[in-house]
Amino acid sequence: MDPKDEKGKLWMNGQLIPWMEAKIHVLSHVVSYGSSVFEGIRCYETPQGPSIFRLRDHIRRLFDSAHIYRIGIPFSQEEVMEACRQVIRVNQLKSAYLRPLVFRGYNTLGVDPSKCPVEVVVAAMSWGRYLGEEAITQGVDICVSSWNRLAPNTMPSMAKAGSNYMNSQLMKMEALANGYAEAIALDVNGNISEGSGENVFLVRDGVLYTPLMASSILPGITRQCVMTLIREMGLEVVETAIPREMLYLADEIFFTGTAAEVSPVRSVDHYIVGAGRRGPVTEKIQSRYFEHIYGKCQDRYGWHDFVR
């Protein structure tokens, strides 16, 4: 964590409190069982002031994730959205990464969480590009993980739950241990699923491909943004089951995600992707996406939530 962030305030259970005073009991249900859902949201500096990008969609997904896990959030969506704005204002931030977090608190050590209180936190912090600044132009080297994504009807991949990210941790640590920046997992059928914290797109002969929801992917908000922009640009995007070997035959590959934004892939399992750098289709999509997030074009989709 950035020491500057630790001097600020975050929102916890309806109140703004000093960052370092936000504490939970070590026997809280979430510690033993991973009973949490969360979001990652970006606030960007724009000519119109700080803007939380697609705030309403992120908070809706937070509540959807909680609903799947039968977690009743004791605040409305509007209240949590306002909490996101408050932490930007009180910390006087022009840009930030926001982490709304909902978890089961302290009451019982049993698996049944129904008697545990539900706690809600929203923090805003400094966080650069997830895969590094150079990744945006040069791309990253990745591998296919030996760890698969969750099989259907085991744990809900559509929920952005803390417990799901134990699988992501295994993928990420394995990739780093073997000299890669990131990994892609396959689904239970051996088709491409997603990265440890990103959705993935492939380009072949000018057509873009991305895995189906049925391939155990998180329904990414940046993914949906990019699909909208792809169609706006007159390009074709196909949601389909994608076999592993398409990674080795793709002209271009890129990740999408709130943290990763639009990040190109340079190689997969030492197979060079295209020319081994950001490709022309990726660059066009990346450029259009950056125009939107930084408020440099008309907000015709209502994606911005300006903090006044």
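The lining of the second largest pocket in this predicted model comprises 15 nonpolar residues, one polar residue and two charged residues. Strand S1 (9-12), helix H2 (29-33), S6 and S7 each provide at least two lining residues, with S6 giving the largest share, four residues.

The largest pocket holds about 710 Å³ of space. It is lined by 37 residues, among which Phe38, Lys160, Tyr165, Ser196 and Gly197 are the closest to its centre. By class, the lining of the largest pocket contains 13 nonpolar, 17 polar and seven charged residues. At least two of the lining residues come from each of H3, S6, helix H6 (165-177), helix H7 (221-232) and strand S14 (252-257). Helix H6 contributes the most, with six residues.

The largest nonpolar core has 29 residues, and Ile52, Ile59, Ile88 and Leu98 make the most contacts inside it. Strand S4 (41-46), helix H3 (55-68), helix H4 (77-90), strand S6 (96-104) and strand S7 (118-125) each supply at least two residues of this core; the largest share, six residues, belongs to H4.

Beyond its neighbours within four places in sequence, Ile52 is in contact with residues including Ile41, Cys43, Cys84, Ile88, Leu98, Trp303 and Val307. Another core, of 20 residues, lies apart from the largest one and includes Tyr44, Ile136, Ile230 and Val262.

How values were computed:
Residues numbered from 1 in each chain as written. Predicted model: local features only at pLDDT ≥ 70, side-chain atom pairs only at ≥ 80, totals over all residues. Heavy atoms only, no water. Core = buried A, V, L, I, M, F, W, Y, C linked by side-chain atoms within 4.5 Å. Buried < 20%, exposed > 50% of the residue type's maximum accessible area, 1.4 Å probe, protein only. Contact = heavy atoms within 4.5 Å. 1 Å grid on protein atoms, 1.4 Å probe; cavity = no way out; pocket = protein on both sides within 12 Å on 5 of 7 lines; lining within 4 Å. Points joined across faces, edges and corners; volume = space filled by probe spheres on them. Nonpolar A, V, L, I, M, F, W, Y, C, P; charged D, E, K, R; others polar.
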